[in-house]
Structures are given as C-alpha cells and as structure tokens.
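Reader: I am new to this structure and would like a close look at one part of it, a single chain. Please walk me through it.

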There are 2 protein chains.
Amino acid sequence: MDLKNYIKECLDRVDRALDVYLPAEDSLPASLHKAMRYSVFAGGKRIRPVLMIAACEAVGGDAEQVLPAACAMEMIHTYSLIHDDLPAMDDDDFRRGRPTNHRVFGEATAILAGDALLTEAFVLLSDAQLNGRVPAEIRCRVLHTIARCAGSQGMVGGQVVDMESEGRSIDFPTLEYIHTRKTGALILAAIQAGALLGGADEAALAALTRYGEASGLAFQIADDILDVVGDQAVIGKDVGSDQARGKATYVALLGLEEARGRARELRDLGVAALASLGTPAEPLRRIAHYIVDRSS
Amino acid sequence: MDLKNYIKECLDRVDRALDVYLPAEDSLPASLHKAMRYSVFAGGKRIRPVLMIAACEAVGGDAEQVLPAACAMEMIHTYSLIHDDLPAMDDDDFRRGRPTNHRVFGEATAILAGDALLTEAFVLLSDAQLNGRVPAEIRCRVLHTIARCAGSQGMVGGQVVDMESEGRSIDFPTLEYIHTRKTGALILAAIQAGALLGGADEAALAALTRYGEASGLAFQIADDILDVVGDQAVIGKDVGSDQARGKATYVALLGLEEARGRARELRDLGVAALASLGTPAEPLRRIAHYIVDRSS
C-alpha cells in the first residue's frame, strides 16, 4: 500500500463530507458560518479523521460509516485551535501561514465560531439519518467517548494545565498529563470511535486502545522533536515556538536522544498491539512508522 | 398546586444532581473545575430544568428520568452566560450581583470553563449508565434536539445576530430571529427533551412544542418589559441595561402596551396547546401565567 495515497484519499473524502455537513457560507448568520468554514478549511492535515477511518477499516468496517463522526472530530479539533489562538490564550496571529480566526473575524465571532463548531459536532454525531446504519447504542457510545476525551478531564483539562505551566519548570508526570490529554485524548477517541463504528468486538477495541494511547504520545514527542530539529536544519529560521514560549517539551526534559528513543519505543508498542488484526491494520502500522520516523 | 413550592422542589433536586454530576472542586485541573462550579452555582433560577421536569410529568413521566438531561441543559445555559459576559462580548463585570467568571478566574480559564461545561453536558446526555432507563434511540434524539437548538442556527446564531445588531436599529423580523434563537431555542429544547424522556407520543410532543415556542417568546417579551418597568418602579435606579446598550427590545419596537398584549396572546396560545394533556400539565399552565403576569 502507498501511505501517501491512502492519506490523500481519506483527506479528500473528509473534506467533501465537511463541505456537505457544515452550513453553507450564506446561511444565516452568514458571518458565523463564514468564520466556521474559514478555520475548518485552513489546510488541516485531518490526522484524526484519517486515524478514525484506518481504525474502522482495521476491524473490517467501511469508511463510509465513520464519515459523520470523522467530520465531527475535525470540527472539535478546529474549535480547540480557534480558542487556543485567542488573545487571552496563546495570542497567535497566524496558523499555517494564514491569519488566525480572530484576526479575520474579530474576537467575539471567533469565540462563537468555536462554540458553534463544538456544538455542531454533537449535532452530527447524534444525527439518526446520517448515521442510519449505526445502531443508536453504538452512536451514543461513540459520542460519549469523544465528549469525555474532549472535556474537562480530557482535552480542555490538558489545555488548562499547559497554560498554567507556561514559563514554569514542570516535572515529567505533569508533562505526560498535558500531552496525554491535550493532544493524546482526541487521537485516542478518534481511534476508539473508528473501532466502535467499524463493529469491533471488545478484544479488538482493547488492542486499538493500546495502539491509540501509544501513538498519541509518540505523535506528541515527534512534534516536540521537530520543533527543535526542524529549526536547526534551516539556518536563519526562528527558534522553535515551544522553546520561545518556555513550554516544557519532551526534548527539554529528556534530551533529544532519549526523546527519540521513547518515541521509537512507543511506535513499537503501538505496532505490536495490532498483531491480532492482520492485513487490514496495515495503514495504522504505516502511520505509526511515519509519525515517528519523520523525527528520527 | 403551589407553584412556588413546585419550582423550589425541582430546583433543589437539580442542584443536588448538579453537585453529583460535576467533577469535584479538587479533581484535576482544580482551577477549571472551581471555575465551572462557580458559575453553575451562582444562583441561577433553573428555568430550563424546571420546564423539562414539568414537560416530562405532563406526559406521565418521572422527574428522575430527566435529571441528567436537566443538568446538562443548565450546564449549556451556564456556558453561554460565561462566554456572553467575556470582555470581547458583552464585557460584564457582574452577574446576579457576583463578579463574572472571567473577573474571578481570568479570561483564559473562563473561556475554557465555558468550553468544558458545554462538552460535559454532552458527556452527561450520552452516559448509558446514568440514563439506563432511557432507550438509546431516545437518548440520541434528545441529545440531537438539544445540540441543534444550542448550535449555529440556534442559540449561538441568535447571539451572533444580537451582537451584530447592537447600537443599530433593527426591524421586527430580526428581533424575532434573535429572541427565538438566543433564549427561545434552549427553552423549547428543554420542553421537547422533557417530553421525549417522559415517553410522549408524537401528538403530545407536537402539543408541547407549540407550548414551548409560545412560552419561549413570551418569556423574552416579559423580560424586555421588566427591563423597562422594573426600573420605572424604583426611583433612582439605573436605566435598563438593554436600553443602555442600545439593544432592540419588544418594548422599543412595539411600545409597552402592545408588548404586553403580545405576551398575553402567547401565554394563551401556550396554555391552549396543553388542552389534551389534562391535569398533569397543570405546572406548565401555571408557569406560563407566572412568566407573563409578573410583567403585567
């Protein structure tokens, strides 16, 4: 299989579905829907939707079944970016080279666009017609899993502790607390949702949960490494934004080589968890390798 | 029946349940959970939960069945107040005589406390164990109804248009657009959720929907009237906050007497819709009278 192609196909599918599910730009209130669409279609890599589709297919499911949930997941991810960028939070003017939501639409609309994306994600997840082939029991369980991972003891909790830790030296358990929640929780939820929607039994769900926990953390460590290594490779580029903000990272706490070692360990742990799933889990294995190897 | 007593009993029940369902103040991250609880227990009148319980009982249901949903509804209402009060929005320092969330916990935590309350509401609504007696199909439908009413074409949409209309003269259709969404949508959702959880058939659901639409609007008109009349009655008090902000109100557009007439009309419409439901709908009738008569 060609991983690049696989990811591209997933991404195109998710983007087409998002365009259908999100209210049109000219539907009232137009300013709100414009702001929502601006950030949803701002060049995201759709990592969570891709992982959800791959997890669904790993247990023999059909990608079609996860499209509403995959879009909901991306809407939740986008809301979190819009709110993280706000002046009261990270105060970022640019994201992926484009002005952030509040720079274009103003702070009030940006807050509300985030609120609306989060809410509309749950509209999508609970839609009986869109999810017609999924039993209501599973639909509820998927929604519950995603909401818990996004909530006060998941993603939002991680963001709070991250914010409170800025500019302070933190210990390793605090760093893991932040990362397993701020980014790890939603990645895990994407994989569990894909498994559940694909019809996984409890054993397959447990295997994919182990994969999701390991990959979520590996993904974050790789990101920390790239924040340092990416910069060193390009002369004249600004220092890493994490370093500049005094944010704790795996590299800062463990050193570059130990961080790389930990990422490789987690990659192998994740891949090992997939053993019982055979060939349909190949995309997930390749993704784990891709995540970690790009930072080695 | 004694309406005051009925409301007091509902309120106590909902407050006890909220205390159980919300993460404890000392559960991590403590600052976030403190901020969430601060605004949830800030003396809210619990109108939406009361209406949900009353709608459930009107179709022969048991209040116990709606408690998780009633608490979720109050968490959504509270999130909307926290975000509305932010400096970028209404910039309010006080609500019900207490400093607003961002004044106590800072803007970043206030934004995240709102985000977390909205998310945790959906955790609660989708919890299979808490909602064990409710079939998954109904649980999903209730969640969908509430999410839709809170989303970009419901409550958030109303808030956007309200914000955009501030200080500008707006026409009557725009005023109704704002009110049916900003406050009406969540009131209607509370009543529909109560009906569904109480086991309403489609005819009873339709009757309660008519009641909910009429009461939601009546409630807002009464509020507009009280913003004017409440002030006139007390010499030396500040002018109404709506007037001060240049917000359009029913009183400003229709005049006091016509606004009162419209509120009474809606009250009668709402009460008439309940005819087929008999005695169990008595609390809902009394609430409709209470809402409108306090402004007459």
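How many helices and strands make up the secondary structure of chain A?

Author: A word on the ground rules comes first. Residues are numbered from 1 along each chain as its sequence is written, while chains are lettered from A and ligands numbered from 1 in the order in which they are written. The model is predicted, so local features need pLDDT of at least 70 and side-chain atom pairs count only at pLDDT 80 or more, whereas totals for chains, interfaces and linings use all residues.

Now to your question. Chain A has 14 helices and two strands. Both are DSSP runs, numbered from the N terminus: helices are H or I with at least four residues, strands are E with at least two.

Next, the overall build. The C-alpha atoms of chain A fill a box of roughly 50 × 50 × 35 Å along the principal axes. Its radius of gyration (taken over C-alpha atoms) is 19 Å. A compact globule of 296 residues would have a value near 19 Å, so chain A agrees with the rule. That rule is 2.2 Å times the number of residues to the power 0.38.

Inside, 57% of the 296 residues of chain A count as buried. Buried means 20 or more other C-beta atoms within 10 Å of the residue's own; exposed means 12 or fewer, and partly exposed lies in between, with C-beta atoms placed from the backbone. Contacts tell more about the chain. Two residues are in contact if their C-beta atoms, placed from the backbone, lie within 7 Å. Take the contacts in chain A between residues at least 6 apart in sequence: 72% join residues at least 24 apart.

One local detail stands in a loop. Pro29(A) sits between α1 (3-21) and α2 (30-40) of chain A. The peptide bond from Leu28(A) to Pro29(A) is cis, with omega near -10°. In chain B, the bond from Leu28(B) to Pro29(B) is also cis, with omega near -10°.

How does chain A relate to chain B? The same surface serves both: 100% of the contact residues of chain A recur in chain B.
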